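Here are my notes on the model, point by point. Have it open while you read.

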Amino acid sequence: MRKLLLWIVVLPILLVLLLQAYFFVQIWWWVDHNPGSTSFMRQQLSLLREKNPDAQLQFTWVPYNRISNNLKRAIIASEDSNFSEHDGVDWEALQKAYEKNEKKGRVVAGGSTITQQLAKNLFLSGERSYLRKAQEFVITYMLETLMDKQRIFEIYLNVVEWGNGVFGAEAAARHYYRTTAAGLGAEQAARLAVMLPRPRFYDKNRGSGYLAARTGLILRRMNAATLPASHN
């Protein structure tokens, strides 16, 4: 009985530790190797193939220096203005988001940083639970420990969802503007940045009044955005 109880306690702990080791090794590999896909990309492809068995994602990896600085500044201005300063989690932004959600009585703000969004996209499902959030924090700090900010941002820019089956800056630039990630202008970049919280919705509702108004705001904020430096 004692051995049985020991295994009931020890086995789950071992499995959790093995899972964390897997995440750590995978992130270490991605320091200088590019991910071919993410957990979220595979989930979305599976959903698309339920309707069309031949469906493919729009996804082309491009290096950091071939992505417009307009887009980089727009995303930082829109999604995570303290990206270059925080250690992966912006606790002040989380507190503000919590207070805003409490006031509205529903979830209207997330407070997740670029690193947290990347952690979720790389490994986790879209479900909302305290356990998943805790795992997201662990992966976030692994990313920040093993990678510099520029590498985190490079991966994020290449794997983030930008529409129905559209992933990464290059695919988004071609899908919406028939240009390259390097060729995005300021207004185009601002508009793409504003789409990020609800990309599939805005892919279908490109004439949204909110999208236009928010784009103007991000355009005004972009010049103040600080781009991350590489420490390699």
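1. Leu-227 comes out partly exposed, because its relative accessible area is 22% and the class in between runs from buried, under 20%, to exposed, over 50% (1.4 Å probe, protein chains only). You'll find Leu-227 in the segment after α11 (209-221); helices here are DSSP runs of H or I with at least four residues, and strands are runs of E with at least two, numbered from the N terminus. Leaving out residues up to four places away in sequence, Leu-227 touches Asn-69, Lys-72, Arg-73, Ile-76 and Ser-84, where contact means heavy atoms within 4.5 Å. Compare Leu-227 with Ser-208: 19 residues apart in sequence, 29 Å apart in space, C-alpha to C-alpha.

2. A word on the ground rules. This is a predicted model, so local features need pLDDT of at least 70 and side-chain atom pairs count only at pLDDT 80 or more, while totals for chains, interfaces and linings use all residues. Residues are numbered from 1 along each chain as its sequence is written, and side-chain values use heavy atoms, with hydrogens and water left out.

3. Lys-72, one of the Leu-227 contacts, also has its charged end over the ring of Tyr-64, 3.6 Å from the centre. The criterion is NZ of Lys or CZ of Arg within 6 Å of the ring centre and within 35 degrees of the ring normal. Arg-198 does likewise over the face of Phe-201, at 3.9 Å from the ring centre.

4. On to the rings: the structure holds 10 aromatic pairs. Rings of Phe, Tyr and Trp (its six-membered ring) pair if their centres lie within 6.5 Å, with planes under 30 degrees apart called stacked, over 60 edge-to-face and the rest tilted. Tyr-22 and Phe-23 make a tilted pair, because their planes are at 55 degrees, with the centres 5.8 Å apart. Phe-201 and Tyr-202, by contrast, pair edge-to-face, at 5.2 Å centre to centre and 75 degrees between the planes.

5. Phe-201 is partly exposed at 34%, and Tyr-202 is buried at 5%. Ring pairs also link Tyr-22 and Phe-23 with Trp-30 and Phe-123 into a cluster.

6. Phe-123 brings us to helix α5 (residues 114-123), which is mostly covered: 9 of its 10 residues are buried. Among them are Ile-114, Leu-118, Asn-121 and Phe-123. What covers the buried residues of α5 includes α1, α2 (39-51), α3 (69-79), α6 (130-146) and α7 (149-159).

7. Helix α1 (residues 2-30) also holds Gln-20, which is buried at 15% relative accessible area. Neighbours within four places in sequence aside, Gln-20 is in contact with Gln-135, Val-138 and Met-142.

8. How many salt bridges does a search of the whole structure find? There are 7, each a side-chain nitrogen of Lys or Arg within 4 Å of a carboxyl oxygen of Asp or Glu. In α7, Arg-151 and Glu-154 are 3 residues apart, so about one helical turn separates them. Their closest N and O atoms are 2.7 Å apart. Arg-151 is buried at 10%, and Glu-154 is buried at 13%.

9. Shared partners join Arg-132, Lys-133 and Glu-136 into one salt-bridge network. Arg-132 reaches Glu-136 at 3.0 Å between the closest N and O atoms, and Lys-133 meets Glu-136 at 3.1 Å, N to O. Both Arg-132 and Glu-136 lie in α6, 4 residues apart, while Lys-133 and Glu-136 are 3 residues apart in that helix. Glu-136 is buried at 2%, whereas Lys-133 is partly exposed at 23%.
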